[in-house]
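Trainee: I'd like to learn how to read this one feature by feature. Let's go.

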Amino acid sequence: MTRSFVRTLVFTSALVLAGVGTAQAEPRPAIQAAIQQIDQALFILQHRAAHDFGGHRVVAIRQLQHARQQLILAERADVR
């Protein structure tokens, strides 16, 4: 697992979050898909990553957990 992969995961999560506020049609399936992708990334980082990558793996895990929580809160706030 490279730093660029971890950066890509975090960046993708940020893009999904940014799109949630502007999407008008069916935002909840997009949120659920993003949560699933974050869960997959977390599993890989927590169980399959061979190295700590100078502490960056742990930071990425924390940031992904935070992004996941923000998506859950966004979904709850989406009251129609």
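Trainee: What is the relative accessible area of Phe53?

Mentor: A word on sources: this is a predicted model, where local features need pLDDT of at least 70 and side-chain atom pairs count only at pLDDT 80 or more, while totals for chains, interfaces and linings use all residues. Residues are numbered from 1 along each chain as its sequence is written, and side-chain values use heavy atoms, with hydrogens and water left out. Now the idea: buried means under 20% relative accessible area, exposed over 50%, and partly exposed in between (1.4 Å probe, protein chains only). Phe53 has 22%, so it counts as partly exposed.

Trainee: What is the phi of Phe53?

Mentor: In general, most residues other than glycine have a negative phi. Phe53 isn't a glycine, yet its phi is positive, at about 55°. You'll find Phe53 in the loop between α2 (27–48) and α3.

Trainee: Let's zoom out. How many helices and strands does the protein have?

Mentor: Elements are DSSP runs numbered from the N terminus: helices are H or I with at least four residues, strands E with at least two. Here there are three helices and zero strands, in the order α-α-α. Buried residues make up 26% of the 80 residues.

Trainee: How does the span of α3 sit against the expected value?

Mentor: The expected span is 1.5 Å times one less than the number of residues. Helix α3 (residues 56–77) has 22 residues and reaches 31 Å from first C-alpha to last, close to the expected 32 Å.

Trainee: Which residues of α3 are buried?

Mentor: Arg57, Ala60, Ile61, Leu64, Ala67, Leu71, Ile72 and Glu75. They cover an arc of only 140° around the axis, so they lie on the same side of α3; that arc is taken from the directions from the helix axis to the C-beta atoms. On the other side, Arg62, Arg76 and Ala77 are exposed.

Trainee: Which residues touch the most other members of the largest nonpolar core?

Mentor: Nonpolar side chains in soluble globular proteins tend to be buried together. A nonpolar core is a set of buried Ala, Val, Leu, Ile, Met, Phe, Trp, Tyr and Cys residues joined through side-chain atoms within 4.5 Å. The largest one has 13 residues, and Ile35, Ile38, Leu42, Leu45, Leu64 and Leu71 touch the most other members. The elements giving two or more residues to this core are α2 and α3, with the largest share, seven residues, coming from α2.

Trainee: On to charges. How many salt bridges are there?

Mentor: Side chains of opposite charge can pair when their charged atoms come close. The rule here is a side-chain nitrogen of Lys or Arg within 4 Å of a carboxyl oxygen of Asp or Glu, and the count comes to two. Arg68 and Asp39 meet at 2.5 Å, N to O. That pair links distant parts of the chain, 29 residues apart: Arg68 in α3 and Asp39 in α2. Arg68 is partly exposed at 27%, as is Asp39 at 31%. Asp52 pairs with Arg57, the closest N and O atoms being 4.0 Å apart. Asp52, at 37%, is partly exposed.

Trainee: And Glu75: which side chain of opposite charge is nearest?

Mentor: For charge, Lys and Arg count as positive, Asp and Glu as negative; His and the chain ends aren't counted. Glu75 is buried without a salt bridge, and the nearest opposite charge, Arg28, is 5.2 Å away. Contact means heavy atoms within 4.5 Å. Leaving aside neighbours within four places in sequence, Glu75 is in contact with Arg28, Ile31 and Gln32.
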